[in-house]
Amino acid sequence: MTKDINIEGLEELCKGKFKKLPQCMNPGREHYIRKTDASLVYPFGRHSIDDIAEKAGAVIPIKGCICYDTDKINRYLDTHAAPATC
């Protein structure tokens, strides 16, 4: 059974005062991602993921937009991963 929850002032809070959230991406599902979204998908900084993508050969220019091939980045990360130490 669900109840209607009434929070006073919620409508006023939600009136365009929040940042627009980026589209959620899943690198397992998306084959190509934009360069600007790569640092949101992978746990690296912008310059680090640019360097990794270039070393992996994953940079693909498409009509003025730079895209990254996530399969190549994932393979590169898997082959260069250090063994875990506990």
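**Close-up views of a predicted model**

**Figure 1. One helical turn in α3.** Lys-55 and Asp-51 lie four residues apart in helix α3 (residues 46–56), and the two are therefore separated by about one helical turn. In this predicted model, the pair forms a salt bridge in which the closest N and O atoms are 3.4 Å apart. Side chains of opposite charge can pair when their charged atoms come close. When the whole structure is searched, one salt bridge is found.

**Figure 2. The loop between β2 and β3, with Lys-63.** Lys-63 sits in the loop that joins strand β2 (59–62) to strand β3 (65–69). Although Lys-63 is not a glycine, its phi is positive, at about 50°. Most residues other than glycine have a negative phi. The residue is exposed, with a relative accessible area of 87%, a value that lies over the 50% cut-off for that class.

Figure 3. The mean pLDDT of the chain is 77, and 65% of its residues reach 70 or more. Confidence is lowest in helix α1 (residues 10–13), where the mean is 58, and highest in α3, where the mean is 94. Helix α3, with this highest confidence, is also the helix that holds Lys-55 and Asp-51, the partners of the salt bridge shown in the opening view.

Terms used
Residues are numbered from 1 along each chain as its sequence is written. This is a predicted model: local features need pLDDT of at least 70, side-chain atom pairs count only at pLDDT 80 or more; totals for chains, interfaces and linings use all residues. Side-chain values use heavy atoms; hydrogens and water are left out. Buried means under 20% relative accessible area, exposed over 50%, partly exposed in between (1.4 Å probe, protein chains only). A salt bridge is a side-chain nitrogen of Lys or Arg within 4 Å of a carboxyl oxygen of Asp or Glu. pLDDT is the predictor's confidence in each residue, from 0 to 100.
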